[in-house]
Amino acid sequence: MVAHWSLLELASIKAADDEIRCWHGNLEKLPHSWGTYDAVFLGHSPAMAFSASTLFESVISRCRTGARVVINQSRGNDFLAPYRELYPHILLRDLPELEELQSMINNLPLDFISFQSDSSAYLVALEVNESPSETPKEVNYEDIGDFPLYASAKVVTGFGRGSKQMGVPTANLDPEELPKEVRELPKGVYFGWVQVRGEGLDAGVHKMVMNIGNRPTFADSDATTVEVHILHDYEGDFYGKDAAIVVLGFIRPEMKFSSLDALVTRIGEDIKKARSSLEEEVLKSYQTDRFFRM
Ligand code: ADP
Ligand code: MG
């Protein structure tokens, strides 16, 4: 996976290997659902117009504990010198020497593994010793935008919260079958299209709202639940069948409600929002996506 601010750079990477996922823009805008990383190569970014805290903090938040952060530039600062003259507003400084780098990462959960800075290379390896991505943190919901997400999983039994009695049955999807990108979406309500696959079942592609949450009253409270309420009347239950989903957008974060009435009202609004959003031309086009079996 490559994040870069130059479309030209990304295009040449894509041309060499189309399987590589590319992100255009600044690292701190990279959706968290694209992580978590075992190793990040920063190239000469620490010489550029980023503040050290913006750069390292956004990297660390996307890494697992124990991940390596590498700063690498062949021929080191000698290589950068002519470019610093050409682009002084982009290349603000030399790559930091040991002491300077130490002070840059002083308050961050990073350990030194190795340091080299000479005319053959600048090569620094750091290790993330405690990833904040593994501790709950505030989510910037503006940043959720990594759609569409495709997935399919078996419909399993939920835990009888009485969703059906509330008029909103939710088909619970087996989290183990779901890709990380879906399972690890921030808790909240999403919308998209779904197709339930099984003999004798309605094979239509229908609108859905999806809730990502967990079981707060259980000991395994970080166990994620993914539930889909389909905006269609089925003849009966379809436990054990596969549901194929394409998730297209985010509606709202998880919320606490003061009463069941308030919750039901809000679900009604979520459904309305999903219904109308999915009428927009681009989002509607996914109803006939090749992913669904016609
Ligand atoms: P559970 O706690 O087992 O998930 P629910 O009360 O949430 O029970 O009901 C979900 C079940 O209802 C689904 O697994 C599915 O078999 C059935 N069902 C019928 N119609 C729908 C629908 N429109 N959307 C979601 N599930 C539905
Ligand atoms: Mg359910």
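User: In which sense do E5 and E6 pair, and over how many bridges?

Analyst: Strands of a sheet pair through backbone hydrogen bonds, in either a parallel or an antiparallel manner. In this predicted model, E5 and E6 are joined in the antiparallel sense over seven bridges. As an example of such a bridge, Asp 111 has Glu 127 in E6 as its partner.

User: To which sheet do these strands belong, and which strands are at the edges?

Analyst: They belong to an open sheet of four strands in the order E3-E4-E6-E5, and its pairing is mixed. E3 and strand E5 (110-117) are the edge strands, each of which pairs on one side only. On average, neighbouring strands of this sheet are turned by 10° against each other, direction ignored.

User: How does the length of helix H6 agree with the number of its residues?

Analyst: Helix H6 (residues 260-277) has 18 residues, which at 1.5 Å a residue should span 26 Å; the end C-alpha atoms are 26 Å apart, in agreement with that expectation.

User: Which residues of H6 are buried, and what do they pack against?

Analyst: Ile 267, Asp 270, Ile 271, Ala 274 and Ser 277 are the buried residues of H6. Their arc around the axis is only 135°, which puts them on the same side of H6. Asp 261 and Lys 272, on the other side of H6, are exposed. The packing partners of the buried residues are strand E9 (188-197), strand E10 (205-214), strand E11 (224-230), strand E12 (242-253) and helix H7 (281-284).

User: What arrangement do the strands E7 to E12 form?

Analyst: A sheet may also close on itself. Here six strands close into a barrel in the order E7-E8-E11-E10-E9-E12, with antiparallel pairing. Neighbouring strands of this sheet are turned by 45° against each other on average, direction ignored.

User: Are the residues of E11 buried or exposed?

Analyst: E11 is mostly covered, with seven of its seven residues buried. Thr 224, Val 226, Val 228 and Ile 230 point one way, Thr 225, Glu 227 and His 229 point the other way, and all are buried.

User: How is a residue in a loop to be read, for example Ser 45?

Analyst: One considers its place, its accessibility and its contacts in turn. Ser 45 is found in the loop between strand E3 (37-41) and helix H2 (52-60). A relative accessible area of 9% falls under the 20% cut-off for burial, so Ser 45 counts as buried. Leaving aside residues up to four places away in sequence, Ser 45 touches Trp 5, Phe 50 and Leu 55.

User: How many disulfides are found in the structure?

Analyst: The cysteine sulfur atoms must lie within 2.5 Å of each other to count as a disulfide, and a search of the whole structure finds zero. Cys 22 is in no disulfide; its nearest cysteine sulfur, that of Cys 63, is 18 Å away. Cys 63 counts as buried, at 0% relative accessibility.

User: What describes the chain as a whole?

Analyst: The chain contains seven helices and twelve strands. Its C-alpha trace spans about 70 × 45 × 30 Å along the principal axes. Of its 294 residues, 40% count as buried. Among contacts between residues at least 6 apart in sequence, 65% join residues at least 24 apart.

Note on methods. Residues are numbered from 1 along each chain as its sequence is written. Chains are lettered from A and ligands numbered from 1 in the order in which they are written. This is a predicted model: local features need pLDDT of at least 70, side-chain atom pairs count only at pLDDT 80 or more; totals for chains, interfaces and linings use all residues. Side-chain values use heavy atoms; hydrogens and water are left out. Helices (H or I, at least four residues) and strands (E, at least two) are DSSP runs, numbered from the N terminus. The expected span of a helix is 1.5 Å times one less than its number of residues. Buried means under 20% relative accessible area, exposed over 50%, partly exposed in between (1.4 Å probe, protein chains only). The arc is that of the directions from the helix axis to the C-beta atoms. Contact means heavy atoms within 4.5 Å. Two strands pair if DSSP finds at least two bridges between them. Axes are lines fitted to C-alpha atoms, for helices over the stretch in contact, and angles run from 0 to 180 degrees between N-to-C directions.
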